[in-house]
Amino acid sequence: MMNFRLLALSLACLATLTTSPLQAQGLRPSPRATAELGGLRAATAGQRQADYIVAVVNSEPITNNDVRMRVARVERQITQQGGTLPGHEELLRQVLERLIAEKAQIQHARDTGVRADDASVDQAELNLAQQNRVDVAELRRRLASEGVPTAQVREELRNQILLQRLRERELDSRVKVTDAEVSQFMREQQESTNVGALEINLGHVLVAVPEGANAAQISALQARAQRVAERARAGADFAALAQEFSDAPERAGGGRLGLRNAERYPPLFIEATQKLAVGAVAGPLRSGAGFHILKVLEKRQGGVPGASVTQSRARHILLRPSAQLSEAAARDQMASMRQRLQSGQADFAALAREFSQDGSAKDGGDLGWVNPGQFVPEFEEVMNSLTPGE
C-alpha cells in the first residue's frame with residue numbers, strides 16, 4: 001500500500017487524533033451536526049458495503065463510507081509510524097468527531113472567502129507525487145489501483161489547503177507582536193553569548209614564525225606584528241596592511257576570511273573577537289603558526305531575522321505529456337514558445353492562457369508572490385537563477 005500522506009498540508013494530527021487548533025479557538029460543529037454512532041459500529045464491524053449517512057453538518061452529510069475510509073487510513077498511518085492503535089470503538093468515535101470538525105471548518109472557510117484554486121491543488125498533487133518518488137501520472141495510477149479516484153484525491157487536497165489557510169488566518173489574527181517586543185528580542189539576540197549562533201567576518205594578518213626560530217627571531221617578529229596592529233588601530237587600511245605584511249594565503253584578498261559561523265574559526269580567534277565591536281582590532285595573538293592580528297569586519301548573531309524575506313513572482317506554462325502529446329512533442333512546443341517570447345513575437349500571459357494545462361492558465365500563468373521553499377526544488381532552482389523578465 002502507498003503511504004498516502006497529504007503533504008505538509010495534511011493534518012498531522014490524523015496520526016495522533018488530537019484536538020485541532022481551530023477547535024480550541026472556538027470553531028465548533030453546528031448544533032445541527034448529529035451522528036448515528038451505534039449503527040456505524042455495527043456496519044464497520046461487519047465490513048458492510050452499503051453506504052448511509054451517519055452525521056449531518058449544516059445539511060452536508062458524512063457517510064459510513066467516509067468514516068470507514070478514514071479509519072483505514074488512520075490505522076495504516078499509525079501502524080507505519082510504529083504507534084499504538086486505540087480501541088476500535090474509541091478510534092471510530094475520534095475519527096467521526098474529526099470528520100465533523102473538519103466539515104465545519106471547511107464550511108467556515110468557504111463562507112468567509114478562503115479559497116484554494118486549481119493551481120494550488122496542482123502544486124499539492126505534484127508535491128504528493130514527489131513525496132512518493134513518482135510522477136503525477138504514476139501517483140494517480142497507483143491510487144486508482146487502490147480504489148482511490150483522482151477526483152477524490154484532489155478534493156481532499158483542496159480541503160486540506162482550505163483548512164491550512166483558515167488556520168493561518170485565524171492564528172495570524174490572534175498573534176500581536178509589538179515594536180517593543182521586536183526590539184527586545186533583537187537586543188537579546190545581539191547580546192547573546194551563544195557562540196554557535198554567531199556569524200563573523202574577520203580581517204587577518206599573519207606574521208609567520210618559522211619552525212625552529214630562536215628567541216631573538218621570535219622577538220623581532222612579535223615586534224613587527226605589534227607595529228602592524230598599532231597601525232590598524234590607528235585607522236590604516238587593513239586590506240593594504242594584509243597585502244604588505246601578511247604571510248597567510250588570504251593576503252591577496254586583503255586578509256578577508258569571509259562571513260562564516262563562529263564554529264568554523266579557531267577558538268583563539270573567537271575568544272579574542274567575540275566581545276569586540278565591528279571595526280575593532282585584536283592582537284597580536286600567538287599560535288603555533290606565528291602572530292595574528294585580527295579586525296572585526298562584520299558580525300551578526302544568528303537567529304536575528306533578516307531585514308527582508310526574498311519573495312518571487314513567476315509565470316509558467318505547463319504542458320502534460322499524454323497519448324496525444326508525446327514528451328518530445330511537448331519539448332518542441334515549449335522550445336518554439338520560448339523562441340517566440342525571446343524574439344518579442346508573443347506575450348507570455350497570452351501563451352499561458354492559450355496553451356498551459358493547469359489552473360494558472362486563466363491568470364496568464366501567474367503563480368503569485370511566493371516564499372522560498374514553496375515550489376519543488378527543481379522548479380525553484382531554475383526560477384531563482386533567472387533575472388526579472390528573463
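## A partly exposed asparagine

N58 counts as partly exposed, because its relative accessibility is 30% and that value falls between the 20% and 50% cut-offs. This is a predicted model, so take the numbers here as computed from it. If you want to find N58 on screen, look in the loop that runs between strand 2 (53–57) and strand 3.

What is the phi of N58? It sits near 50°, a positive value in a residue other than glycine. For background, most residues other than glycine have a negative phi.

## Another positive phi, at R133

R133 also has a positive phi, near 60°, and again this is a residue other than glycine. Its place is the loop between helix 5 (118–131) and helix 6 (136–145).

Is R133 buried or exposed? R133 is exposed, because its relative accessible area is 78% and exposed means over 50%.

Now for the backbone at G283 and P284: the peptide bond that joins them is cis, with omega at about 5°. P284 belongs to strand 6, which covers residues 281–287. As a general point, most peptide bonds are trans.

## The second largest pocket

Let's turn to empty space. Rolling a probe the size of a water molecule over the atoms shows where such space is left. The second largest pocket holds about 450 Å³ of it. Its lining is made of 17 residues, and D66, R70, L99, E156 and N159 are the closest to the centre of the pocket.

## The chain as a whole

Stepping back, the chain contains 14 helices and nine strands. It has 390 residues, and 37% of them are buried.

Note on methods: Residues are numbered from 1 along each chain as its sequence is written. This is a predicted model: local features need pLDDT of at least 70, side-chain atom pairs count only at pLDDT 80 or more; totals for chains, interfaces and linings use all residues. Side-chain values use heavy atoms; hydrogens and water are left out. On a 1 Å grid over the protein atoms alone, a cavity is a set of points where a 1.4 Å probe fits but cannot get out, and a pocket is an open set with protein on both sides within 12 Å along at least five of seven lines; lining residues have an atom within 4 Å of a point. Grid points are joined across faces, edges and corners, and a volume is the space filled by probe spheres set on the points. Helices (H or I, at least four residues) and strands (E, at least two) are DSSP runs, numbered from the N terminus. Buried means under 20% relative accessible area, exposed over 50%, partly exposed in between (1.4 Å probe, protein chains only).
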